[in-house]
Amino acid sequence: MHAVQYVTPPQGLTMIHLQCPLLDEHHTEFYALLDSFNPNAFEASFMRLLEHTRTHFAHEESLMKEHRFQGYFEHHEEHVKILSEMEYFLTLAQNGRYVFAKNYIAHGIQERFENHIRNIDSQLALFLKNLF
């Protein structure tokens, strides 16, 4: 059995499932928000995505602390980088500079998120699956 499974939802985004419900639930919600992103309400849609990501990362960090995950520091640092990146592009949009922010949503954020799942969250998923 592979740790990572790819699933194509109806709207066409390819979701990555780690076969770890503690993580996959938040990932599925992220994909749903990205898939339903409304370019006509760009800032509000981006803010919902950012708020979800903050909550998602706080949940992961809580799990890592609770179960004393050895890779906590590196994982946390990756969360800080992603949130900072998202905040930067949202700020650009809020200041009327939509070109880069729209490109980030259209072409960057999904790849960034999926790299995080494959390279960082997959390690946490394996750790958690061994606990339960």
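This is a predicted model: local features need pLDDT of at least 70, side-chain atom pairs count only at pLDDT 80 or more; totals for chains, interfaces and linings use all residues.
User: How many cavities of 30 Å³ or more does the structure hold, and which residues line the largest cavity?

Analyst: A cavity is a space where a probe fits but cannot get out. This structure holds 1 cavity of 30 Å³ or more, and the volume of the largest cavity is about 40 Å³. Its lining consists of Phe30, Thr53, Phe57, Ile82, Met86, Tyr104, Ile109, Arg112 and Phe113. By class, these are 7 nonpolar, 1 polar and 1 charged residues.

User: Which helices each supply at least two residues of that lining?

Analyst: They are helix 2 (42–66), helix 3 (72–94) and helix 4 (98–131). Helix 4 gives the most, with 4 residues.

User: What is the volume of the largest pocket, and which residues lie nearest its centre?

Analyst: A pocket, in contrast to a cavity, is an open set of points. The largest pocket has a volume of about 180 Å³. Of the 12 residues that line this pocket, Leu34, Phe37, Ile105, Ala106 and His107 lie nearest its centre. Two or more lining residues come from each of helix 1 (21–35) and helix 4. Helix 4 again gives the most, here with 6 residues. The pocket lining divides into 7 nonpolar, 3 polar and 2 charged residues.

Terms used
Residues are numbered from 1 along each chain as its sequence is written. Side-chain values use heavy atoms; hydrogens and water are left out. On a 1 Å grid over the protein atoms alone, a cavity is a set of points where a 1.4 Å probe fits but cannot get out, and a pocket is an open set with protein on both sides within 12 Å along at least five of seven lines; lining residues have an atom within 4 Å of a point. Grid points are joined across faces, edges and corners, and a volume is the space filled by probe spheres set on the points. Ala, Val, Leu, Ile, Met, Phe, Trp, Tyr, Cys and Pro count as nonpolar, Asp, Glu, Lys and Arg as charged, and the others, Gly among them, as polar.
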